[in-house]
Amino acid sequence: LILKAVIKQESGFDPKAVNGEAEGLMQFMPRTAESVGLPAAKRDDPALAVPAGARYMRELWDQWKAEKDGPPRWDRTRFALASYNAGLGRVLQAQREAGNTDRYECLEKFLPEHTRDYVARVMEFFIEYRESGRYRKPASSGPRLKTGVRFWKNPVVTDR
């Protein structure tokens, strides 16, 4: 659901969305796309862009892996979202400026306003999706693809 929330924020689910050099559902910049194995010319292909986006988000999330006292899961998620928007280097800089904190709320004021807004909106979309009850993971989460990203269908539960 986090990935779905990122897609909603980035492109409004429009695979042909373009914003400057960023393109597609995930709004990848050419170099970022290439870094996760997505040819820059294929950024508008959802079948390739979504798994690449999932890989990239996982890489960013893993950057914030903590030792024993590190960030709780949601701090890690917010750090990863901020990194997706502003770049890992910018978030690391904000972390240094905030005294090397492992709490998102403590470094948030050192991030650009558009990044703070981005993280807040993505988290709002995520909570909206989670609380709607329309999306659930089936008992078997489906086949594991070579990408290491697990996909499943999120059936829409209709009111009866």
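## Aromatic contacts and a pocket

The model holds 5 aromatic pairs, a pair being two rings of Phe, Tyr or Trp (its six-membered ring) with centres within 6.5 Å; planes under 30 degrees apart count as stacked, over 60 as edge-to-face and the rest as tilted. Two of the pairs are listed here.

| Pair | Centre to centre | Angle between planes | Class |
|---|---|---|---|
| Y56 and Y84 | 5.4 Å | 55° | tilted |
| W64 and F79 | 4.5 Å | 50° | tilted |

Y56 in helix α3 (residues 46-63) and Y84 in helix α4 are 28 residues apart, so the pair links distant parts of the chain. W64 lies in the loop between α3 and α4, 15 residues from F79 in helix α4. Helices here are DSSP runs (H or I, at least four residues), numbered from the N terminus. Y56 and Y84 are buried, as are W64 and F79; buried means under 20% relative accessible area with a 1.4 Å probe, protein chains only.

The charged end of R76 sits over the ring of W61, 3.4 Å from its centre, and K4 lies over the face of Y129 at 5.1 Å. The rule asks for CZ of Arg or NZ of Lys within 6 Å of the ring centre and within 35 degrees of the ring normal.

The lining of the second largest pocket divides into 7 nonpolar, 5 polar and 1 charged residues, with Tyr counted as nonpolar, Glu as charged and Gly as polar.

This is a predicted model, in which local features need pLDDT of at least 70 and side-chain atom pairs 80 or more, while totals for chains, interfaces and linings use all residues. Residues are numbered from 1 along each chain as its sequence is written, and side-chain values use heavy atoms, without hydrogens and water.

Conventions:
Helix = DSSP H or I, 4+ residues; strand = E, 2+ residues; numbered from the N terminus. Buried < 20%, exposed > 50% of the residue type's maximum accessible area, 1.4 Å probe, protein only.
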